[in-house]
Structures are given as structure tokens and as C-alpha cells.
Amino acid sequence: SSSGSSDKKYIIATDTTFAPFEFEDKNGKRVGIDMDLLKAIAKDQHFDYTVKALGFNAAVQSLESDQSDAVIAGMSITSERKKKFDFSDPYFDSGVGMAVKANNTAIKDYSDLKGKTVAVKTGTEGATFANENKAKYGYSIKTFEDSANMYEDVKSGNSAACFEDYPVLGYAIAKGQPLKLVGKLQAGNSYGFAVHKGKNAELLKKFNKGLKNLKDSGEYDKIVNKYVKKK
Ligand code: GLN
């Protein structure tokens, strides 16, 4: 079309299951904080989009190869990633935690992981943390493409623990996953909406504007509180 950006339908890539940020509800509808924020921001800023739930690593790769226009996937704003991507203003604070099977009393901290297997999700901050501390604590690492299978491996006892963003672990536990958080939580990076560096600047600007409007109107809090009850 000749009329430019207003006709564009952006392709936004996301994770498959990363509740409460993106997941399918019982009707098969993709919901969550990221999905609801995106929807409200798009409405506020008048842009069209389709969501592709690819998995975290695949979503990031699709952005890098320009098969998508943006990623919203609980994606942490890191200095390493800033070399390749431009991020929106931060919209949610997070960090990495460790979870073990709920009835596991043997593992209380990282130092109990010696000789054990730790499960992580490819390309995530949890995986980076696991890799950086592997030699120090003497565990081996098993990688998964999605959180659901990673949790299963901990629940079945194959992996002793998993490293994942603590708001996500906390939500899973609150929703009945037989896991528990142990050890020290790692201060982490906030989540941002990402575009390929130097590309889709207009979309990024709209996201930031819309996010600000949602914060000012109270809509942002409403969306977050729908999923995580603030104390
Ligand atoms: N916040 C983490 C990261 O950016 C995990 C994101 C995810 O698993 N969807 O690496």
C-alpha cells in the first residue's frame, strides 16, 4: 500500500507458555500480562498486529532474522541484548529464582546442587545464570525449549532444580505446580518490548507512548493486578 505505516500489520513474536505473561487460558485464548498490555497499547496507539507464539529463543531469533517486527515475551533488558535490539521503557521488574520439587528437602541452596542436573530454558537469563555458576557449584545443565517441559523434568526428579524468572515460578506455584522456590533470588533486569536494532522505531515509539498512557490511566495496574495480586 502507499499510505504507509498505518496499514501495516506488525508481527509480534512471543513465548509459548510463560504465565502470567503469555499463556493459553482454558478456552485456548492467548492471554497474560504481555498479551493484555500489547492489546491495550495497540488500541491506544492505533496499530494492527498478529501474535506468533514461537517459544522464547525462537521468538528472539525470528526478530534477529527480521521474520517478526518485535518481541514481547517477558524479555529481560540486558546490555548484551542491547547490542542487537532496541528496547522499550521497562514495564515489569524481574529476576532469576531456583525451584525444586515441592517435597525436596535436600536442596536448600545453590551449594546443594553438586553433581546434580539443573534444568533451564534455551536463551534465557535463567540459562545464563546457570552457565555462569556451573563450575562454582558443580552441577550439569539440561536445556529445554519451553517452561512446561522444564517443570516436568523437575517434577519427575530427573532434574534437581530449574532456574527461571521468579515471578513466573511464583505464579506457577500459586497455580498448583508442585514446586517451591529455594535459595537466593537473583536481582535481575526488567522486561522490555524489543525490536531489531535500528528498525521499527515507529512501533517502539508507539509502544512507549501507549505504555505511558496505560500507566497514567490506571489501566496498566488493572492488567497486572488481574494476574498477580499486589500485597
Ligand atoms: N526474562 C527471561 C529472559 O529474558 C526469560 C524470558 C522467557 O523465558 N520468556 O531471558
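In the predicted model, Ala119 stands opposite Lys142 of strand β9. This pair belongs to a parallel arrangement in which strand β8 (residues 117–121) and strand β9 (residues 140–144) are joined over five bridges.

The relative accessible area of Lys101 is 30%. Because buried denotes a value under 20% and exposed a value over 50%, Lys101 is classed as partly exposed. When neighbours within four places in sequence are left aside, Lys101 is in contact with Val154, Lys155, Pro178, Leu179 and Lys180. For Lys155, a polar approach is also found: a polar atom of the Lys101 side chain lies 3.1 Å from the backbone oxygen of Lys155.

Helix α8 comprises residues 219–227, and its buried residues are Tyr220, Ile223, Val224 and Tyr227. Viewed down the axis of α8, these buried residues fall within an arc of 95°, and they therefore line one face of the helix. The exposed residues Lys222 and Lys226 are carried on the face of α8 turned away from this buried side. The cover over the buried residues of α8 includes both strands and helices, among them β2 (23–24), β3 (30–31), α1 (33–45), α6 (166–174) and α7 (201–217).

Key. Residues are numbered from 1 along each chain as its sequence is written. This is a predicted model: local features need pLDDT of at least 70, side-chain atom pairs count only at pLDDT 80 or more; totals for chains, interfaces and linings use all residues. Side-chain values use heavy atoms; hydrogens and water are left out. Buried means under 20% relative accessible area, exposed over 50%, partly exposed in between (1.4 Å probe, protein chains only). Helices (H or I, at least four residues) and strands (E, at least two) are DSSP runs, numbered from the N terminus. The arc is that of the directions from the helix axis to the C-beta atoms. Contact means heavy atoms within 4.5 Å. Two strands pair if DSSP finds at least two bridges between them. A polar contact is a pair of N or O atoms within 3.5 Å; within protein, one must be able to donate a hydrogen and the other to accept it, and residues adjacent in sequence count only if both atoms are side-chain atoms.
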